Amino acid sequence: MDKKIVPPVFPQINVPQVSDKGLPELILDVQKRLNIQLTSYKQDYIKRRLLSRMNSTRSKDFVEYHQFLKTHPEEEEKLRNALTINVTKFLRDPDVFNLIGKELFPSIIQEKRTIKIWSAGCSSGEEPYTYAILLHELNKPGVILNNVITATDIDEEILKKARNGIYEKNALENLSETQISRHFEKTEDGKFRIKDHIRNMVRFQSHDLMKGVPVARMFDVVSCRNVTIYFNEQQKKDLVKLVHESLGNNGYYIMGMSEYMSKDVEHLFKPYKPMLKIFQKLN
């Protein structure tokens, strides 16, 4: 998938204020190492991306992080991922969502008739709205599906965008024309606004995953995808424990395709579709 630098979303990261000493030299070296042009982007954006990696590597300033980068070759790919985030889309990783819509959701609804979903680190809303679309397409008479998706992020600005539900055409490229016409309306400036029957199925709220407290409990599904790039190893383990705590009996944990579960916490879940990073809670 092509990558490009996009406006930042920084869920669950607390970083100290540091001086700019060593920052210009670091940026020049990063451009050379990664072959990424950074000077045309806002410096605050680049600094926040670098600070996220500094936090993960426990570097106290840009000079120390620059030295860490020079002496740890594996850090280059992690920094590249931090600087070049995949553009968020509806139905991102179609194989994952196809299985969720055709197999996972129907099995839960058949047993419980309703479903509680938590989309953690939801960014600008494409993921929770995707779940809402999948649920709407499964809707049957007597099955109540409204207000069952809780979507959270720590970034208030990105939550405003999510609530507005207005997207560029390229964010919809994995959806069918039928899905687009059914669930979106075109705006005067050529963008696409999510329709109310989908918008009303999602409740957005601010939440910091790093506080270690679930937004609620007894969820049937917790989706926390492509968030742990910002986390160190201990934070990743703590997140898995948090997800386990938030799920109800036999609930499902959906991770990002490039993420993994540490051996220290994998006993909390059993594989459901491990190749698609879907796991089921062990009670």
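Three strands form an open sheet in the order β3-β5-β4, with antiparallel pairing; strands here are DSSP runs of E with at least two residues, helices are runs of H or I with at least four residues, and both are numbered from the N terminus. Two strands count as paired if DSSP finds at least two bridges between them. Strands β3 (166-167) and β4 (184-186) stand at the edges with a single partner strand each, so one side of each has no neighbour in the sheet. Two bridges join β3 to β5 (residues 192-194), and these strands run antiparallel. Within this pairing, Ile166 lies opposite Arg193 in β5.

The model is predicted, so local features need pLDDT of at least 70 and side-chain atom pairs count only at pLDDT 80 or more, whereas totals for chains, interfaces and linings use all residues. Residues are numbered from 1 along each chain as its sequence is written, and side-chain values use heavy atoms, with hydrogens and water left out.

A further open sheet is built from seven strands in the order β6-β2-β1-β7-β8-β10-β9, with mixed pairing. Its edge strands are β6 (202-206) and β9 (269-273), each of which pairs on one side only. From one strand to the next, the twist averages 25°; angles run from 0 to 180 degrees between N-to-C directions, and axes are lines fitted to C-alpha atoms, for helices over the stretch in contact. Strand β7 (residues 219-224) is joined to β8 by five bridges, and the two run parallel. Cys224 stands opposite Met255 in β8.

Strands β9 and β10 pair in the antiparallel sense over four bridges. The bridge partner of Lys273 is Ile278 in β10. The hairpin of these strands has four residues between them, and Lys277 takes a positive phi near 60° there.

The structure holds one cavity of 30 Å³ or more. On a 1 Å grid over the protein atoms alone, a cavity is a set of points where a 1.4 Å probe fits but cannot get out, and lining residues have an atom within 4 Å of a point. The largest cavity has a volume of about 60 Å³, a volume being the space filled by probe spheres set on the points, which are joined across faces, edges and corners. Its lining includes Thr228, Lys236, Tyr253, Met255 and Glu259. Both α10 (233-246) and β8 (247-255) supply at least two lining residues each, and the largest share, three residues, comes from α10. The lining divides into five nonpolar, two polar and three charged residues; Ala, Val, Leu, Ile, Met, Phe, Trp, Tyr, Cys and Pro count as nonpolar, Asp, Glu, Lys and Arg as charged, and the others, Gly among them, as polar.

Leu23, Leu26 and Ile27 of α1 make the contact with Gln43, Ile46, Lys47 and Leu50 of α2.

How values were computed: Contact means heavy atoms within 4.5 Å. On a 1 Å grid over the protein atoms alone, a cavity is a set of points where a 1.4 Å probe fits but cannot get out, and a pocket is an open set with protein on both sides within 12 Å along at least five of seven lines; lining residues have an atom within 4 Å of a point.
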